[in-house]
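Here are my notes on the model you sent over, point by point. Have it open while you read.

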Amino acid sequence: MSSEYFIVLGILGVAFFAVSGALLGHDKNINGFGIVVVGVMTALGGGTLRDLLLGKPIFWVETSEYLIATYSAIFATVLFVRYMPSPSNFYFILIDTVGLAIFNVIGIEKALISGTGMIVALTMGMTTGIFGGLMRDVVCREVPYVMRGDVYASACFAGGLSYAALFALDTPYIWCILGSIFVTVLLRTASLHWGVKVDLFRKRTPRSKKKCDAEL
């Protein structure tokens, strides 16, 4: 991917995540400069951790356009919420999902450019996509999506696997990117629509106990 396309995709990602942070802050009655803190943390947290782990310059320090996009998105969200009807939770989920999908691709791309293997790149993709939202939810006193059993990190990983599969088939980069974003958004929204959860440690009731309960 060319550097211009990479920057454009990154700007879209930070903008979407900044909006999702500002919206959740509004929903949790955070006001004043706190909205800026939550929005910036959401937009820049995952990418910052990724760059630190890869030993690369922090992306928003190296390219100030990311900061401009972040602050602009937060300001636009504040104006929208202030002068328009309060947005429904659907818009927050949709914006957060698109941001997750875009950041996942950016993390994968940046790791591959840095010379890592694909498994490390997939991990960096999830780190980039999840960590900012994790910080946002903790600050807003929400149980993070990634901790609830929602199809969130798993949707991110599935999008990464789609990227890896298309990459292995020598598919043009644009289709690797679009395919990954499509799979992540589709799985996340479909799981919310049908109420699908990732329940790894679901306890099963022993048959003997079921029989006793039925007799009672």
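1. Which residue does Arg-148 form a salt bridge with? The partner is Glu-142, and the closest N and O atoms are 2.8 Å apart. (A salt bridge here is a side-chain nitrogen of Lys or Arg within 4 Å of a carboxyl oxygen of Asp or Glu.) Salt bridges with shared partners bring Lys-28 into one network with Glu-142 and Arg-148. Arg-148 is partly exposed because its relative accessible area is 33%, and Glu-142 is partly exposed too, at 24%. (Buried means under 20% relative accessible area, exposed over 50%, and partly exposed in between, with a 1.4 Å probe and protein chains only.) The count of salt bridges by this rule is 8.

2. Before going on, a word on what you're looking at. This is a predicted model, in which local features need pLDDT of at least 70 and side-chain atom pairs count only at pLDDT 80 or more, while totals for chains, interfaces and linings use all residues. Residues are numbered from 1 along each chain as its sequence is written, and side-chain values use heavy atoms, with hydrogens and water left out.

3. Have a look at Asp-51 next. Asp-51 forms a salt bridge with Arg-50, the closest N and O atoms being 3.0 Å apart, and another with Lys-110, where the closest N and O atoms are also 3.0 Å apart. Asp-51 sits in helix α2 (residues 33-54) and Lys-110 in helix α5 (residues 89-113), so this pair ties together parts that are 59 residues apart in sequence. (Helices are DSSP runs of H or I, at least four residues, and strands are runs of E, at least two, numbered from the N terminus.) Asp-51 counts as buried because its relative accessibility is 0%; Arg-50 is buried as well, at 3%. Lys-110 is likewise buried.

4. On to the aromatics. The count comes to 7 aromatic pairs. One of them is Tyr-163 with Phe-167, which is stacked, at 6.1 Å centre to centre and 15 degrees between the planes. (Rings of Phe, Tyr and Trp, the last by its six-membered ring, pair if their centres lie within 6.5 Å; planes under 30 degrees apart are stacked, over 60 edge-to-face, and the rest tilted.) Both residues are in helix α7 (residues 153-168), 4 residues apart, or about one turn of the helix. An α-helix has 3.6 residues a turn, so residues three or four places apart point the same way. Tyr-163 is buried because its relative accessible area is 0%, whereas Phe-167 is partly exposed at 32%.

5. Which residues make the nonpolar surface patch of about 560 Å²? They are Phe-75, Leu-79, Phe-80, Tyr-83 and Met-84. (Patches are made of residues with over 30% relative accessible area and no salt bridge; like charges are joined within 9 Å and nonpolar side chains, meaning Val, Leu, Ile, Met, Phe, Trp and Tyr, within 5 Å. Areas come from the Shrake-Rupley method with a 1.4 Å probe, and for residues only the protein chains shown count as cover.) Leu-79 lies in helix α4 (residues 65-83) and is partly exposed, with a relative accessible area of 35%.

6. Now some loops. Ser-86, between α4 and α5, is exposed at 56% relative accessible area. Its C-alpha atom is 38 Å from that of Leu-53, 33 residues away along the chain. Arg-141 is in the loop between α6 (118-139) and α7 and is exposed, at 79%.

7. Finally, check the backbone at Arg-141, where phi is positive, near 60 degrees. Asp-170, not a glycine, also has a positive phi of about 60 degrees; this residue is in the loop between α7 and α8 (173-194). Most residues other than glycine have a negative phi.
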